[in-house]
Each structure stands twice: as C-alpha cells, then as structure tokens.
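User: Hey, I've got a model open and I'd like to talk it through. Can you take my questions as they come?

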Amino acid sequence: MDINDLEVVDLDEKDGALVIIDQTKLPGVTEYLHLHTQKEIWDAIKKLQVRGAPAIGVAAGFGIYLAACDICEGLHAKNMADKNEAYDEFASDFFNASDYLNSSRPTAVNLSWALKRMGKVVSDHKGEAPASILPHLKEESYAIKAEDQATNKAIGEHALSLLKPHMGLLTHCNAGLLATTKYGTATAAMYLGHERGYGFRIYCDETRPLLQGARLTAWELSRVGMDVTLLCDNMANSLMKSGKIDAVFTGCDRVAANGDSANKIGTSYVALAAKRHGIPFYICAPSSTIDFDMPDGDAIVIEQRDPDEVTEAWYKNRMAPENIKVYNPAFDVTPASDITAIITENGIAREPFTESLKELCCR
C-alpha cells in the first residue's frame, strides 16, 4: 500500500460513517474503523484513534454532519408541520451534539474551530427546513478537508524555502500525514523535499509516553523511502551537539496571540536545546490553530491523560510500581521567545508574533 494513498479521515456517505485509521494500532496493523454514533466518534478522538489537530478538525466536521443527519431522521419521524419549530429543535440538538464532541479533547483548537464553522452553517440557514440544511453541512465538511490538504502543501512550500538539500531535520511527535489529511504540517517540507530529491536526513524523537514519533512518524516517513533515524527524547540535545541537526520542525495544537505554542509534551525541551545550539526551531501551524482570543500560553488548557499511558500501556509488563502517582500532561507550551518562526499557509511569521501573525491571517 502506498502511504500517499492513505485516507486518514474520510466520510462514507453510503454507510453513514466517519472512516478513520486506528492510529493506536500502528505500525503493526493498518485498520480502518467505521464510526456511526457520536459516542464512537467522541471515544475515537479521546483515545487518539484519530489524532493531530488538523485531522481532528476534519473528523469533527464529518462527525457533526453525521449527527445532523441523525437529528433530521428523528425529526422526520415526528412529522413536524411547523418549519420554524422543526428548525429550533434541530438547531438545539445540533449544538448539543457539537458541545459533546468538543468536550473530547480541550487543547487542540481545530476541534472547536471546525465545530464552530459547521455551526455557522446552521445559524446562517435559520428558519429553514432541517433537511434542506444537510447539503450545506456536507459541503462545508468536505471543504474543511480540501482546505486542510491545500494548507499543508502551502506550509510545506514556505518551509522548504528555508532549507537546502541534504540537511538534517529533527521533528517531535507526529505532525505528519497521519495527523492531517495529506503531507502533514511539520513534515510537509520533508515530503515535498523527498519528491524533489533533496535527500534530507530526518531524525524522529520517540516522543514518550505515547510514542507517536516512533510508532507513527518513523513509520510513515520510512514507508516512502526517506532517510529516517529514531531516537529517544533525551538524546536530542546530544544529537544537536554533534552537528547533525540543521533545523527543527514541529506541529502544534494551539498558538496563542503572542506566539506561545502548545504541542506534544517534550516540545519545549527540544526548543530549549535548539536555542542553546543555535539551531532554528520552527512551528508549522495552519492559521486555524492560531487562537487570537488567547493572549498567551498561560491561558491554554493542558489536557491531563490516563496514568496508564506512562506505567503500562505500551509495555508487555507493567513498568512502574503499583499505585505510584503519575503526572501525565499531553502537551507543554513553548514560549514565543524560543521559536525562530511560525510557518503558516499564508507565509512565515517572526517576532513580534503579535503583529506578524495578525498580518498573515488577515491576508
């Protein structure tokens, strides 16, 4: 199977299902899940069966569309004669379903962004028959996916302009094809460079405790023939000191107005090490991940996850004492002062980010 042909997130209209790759089973098994209910979709997002801010946004768009279809079916069974009454009940149930999906993960802004975007469709068609709103919701959900693919390619082109052939590039976690619907964000320049013969040397942090760098990034990049080396998280500083790293690229789940960026736990350590060694550290961020309502990173809600992910989830036998207390935040915040540039689909933002990000996003 060509990895470029993978559909990470898709809609099966005939089956009425959100279709995803179960990323918790990679790299050993490539299994597609067909999710029909809101509970199944909520669980898939929470359990990281679908993950990565852009992919979560696409999944949310398709998921809330499916919820709207179910709501319409229920209203049809009631045979409501009053169109306004039907709309009011439809809208109420729709926004309740949206709030439910939005509660699955708090840090990735693309989740709420996509749901708000779909909600605007419902609000813009206030008073119309619910069945007539469904085609507009479906169109919007597919538009979110198409825009993600175009956005990622644009990020890749901007990032590639900063690079030269045969450079050594380090990435943390998975902001690749599996976290989006094509190219990835942090890996977009790697994919485009590979297509154009740049011959990059790629280094992937293992990214504990969920091992997305080992299980996902190393897998997807090696599958297309890139030169990939895997390392444990605490080896990055040593690798940088050896002179093998020319630039660091990571994705992010939310960027505050001042440029502070939340990404998978451990990212801030990588940024500190890169700064110590004079290596540029780049955040690759679709404009949909920039939250101008959040002044700085202190306001970003950091998801706390199950202790089992640290103590036993990825091991044949439990690797920690029973009943030991566990600190397991999913993300940390890299301060803007440690970020060389933030690469969006609209261009490259540099300090002061409060000005440059607004300028790019207003284009």
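User: Starting with the rings: which residues do ring pairs link into a cluster?

Analyst: Phe-90, Phe-94 and Phe-95 are joined that way. One thing to keep in mind is that this is a predicted model.

User: What sort of aromatic pair do Phe-94 and Phe-95 form?

Analyst: Edge-to-face: Phe-94 and Phe-95 are 5.3 Å centre to centre, with 85° between the planes.

User: And Phe-94, buried or exposed?

Analyst: Phe-94 counts as buried, at 0% relative accessibility. Phe-95 is partly exposed, with a relative accessible area of 31%.

User: What does Phe-90 touch?

Analyst: Leaving out residues up to four places away in sequence, Phe-90 touches Ala-68, Ile-71, Cys-72, Leu-75, Val-122, Pro-130, Ile-133 and Leu-137.

User: OK, what about the largest nonpolar core, how many residues has it?

Analyst: That core has 78 residues. Among those with the most contacts inside it are Phe-90, Phe-94 and Leu-137, along with Val-9, Leu-18 and Leu-169. Helix α2 (residues 53–78) gives the largest share, 15 residues. There's also a second, separate core of 26 residues, which includes Val-270, Ala-274, Phe-281 and Ala-349.

User: Val-270 sits in a helix, I think. Which residues of helix α9 are buried?

Analyst: In α9 (residues 267–276), the buried ones are Thr-267, Ser-268, Val-270, Ala-271, Ala-273 and Ala-274. After α9 comes Gly-278, which has a positive phi near 70°.

User: Which strands does α9 lie across?

Analyst: α9 lies across β9 and β12, and runs at about 35° to β12.

User: What's the strand order in the sheet that holds those two?

Analyst: The order is β11-β8-β9-β12, an open sheet of four strands with mixed pairing. β11 (290–291) and β12 are at the edges with a single partner strand each, so one side of each has no neighbour in the sheet.

User: Mixed how? Which way do β8 and β11 run, parallel or antiparallel?

Analyst: β8 and β11 run parallel, joined by two bridges, and Val-255 has Ile-290 in β11 as its bridge partner. Strand β8 (residues 254–256) and strand β9 (residues 261–264) run antiparallel, also with two bridges. There, Arg-254 stands opposite Ala-262 in β9.

User: How many residues lie between the strands in the hairpin of β8 and β9?

Analyst: Four, and Gly-259 in that hairpin takes a positive phi near 100°.

User: Why does the pair of Trp-42 and Tyr-100 count as stacked?

Analyst: The ring centres of Trp-42 and Tyr-100 are 5.9 Å apart and the planes are at 15°, so the pair is stacked; planes under 30 degrees apart count that way. Trp-42 lies in helix α1 and Tyr-100 in helix α3 (residues 83–102), so the pair ties together parts 58 residues apart in sequence. Tyr-100 is partly exposed, with a relative accessible area of 30%.

User: Last one: is Gly-168 buried or exposed?

Analyst: Gly-168 is buried, with a relative accessible area of 0%. You'll find Gly-168 in strand β4 (residues 168–171). Beyond four places in sequence, Gly-168 touches Arg-201, Tyr-203, Lys-244, Ile-245, Asp-246 and Ala-247. Gly-168 and Ile-202 are 34 residues apart in sequence and 5.9 Å apart in space, C-alpha to C-alpha.

Technical notes. Residues are numbered from 1 along each chain as its sequence is written. This is a predicted model: local features need pLDDT of at least 70, side-chain atom pairs count only at pLDDT 80 or more; totals for chains, interfaces and linings use all residues. Side-chain values use heavy atoms; hydrogens and water are left out. Buried means under 20% relative accessible area, exposed over 50%, partly exposed in between (1.4 Å probe, protein chains only). Contact means heavy atoms within 4.5 Å. A nonpolar core is a set of buried Ala, Val, Leu, Ile, Met, Phe, Trp, Tyr and Cys residues joined through side-chain atoms within 4.5 Å. Two strands pair if DSSP finds at least two bridges between them. Rings of Phe, Tyr and Trp (its six-membered ring) pair if their centres lie within 6.5 Å; planes under 30 degrees apart count as stacked, over 60 as edge-to-face and the rest as tilted. Axes are lines fitted to C-alpha atoms, for helices over the stretch in contact, and angles run from 0 to 180 degrees between N-to-C directions.
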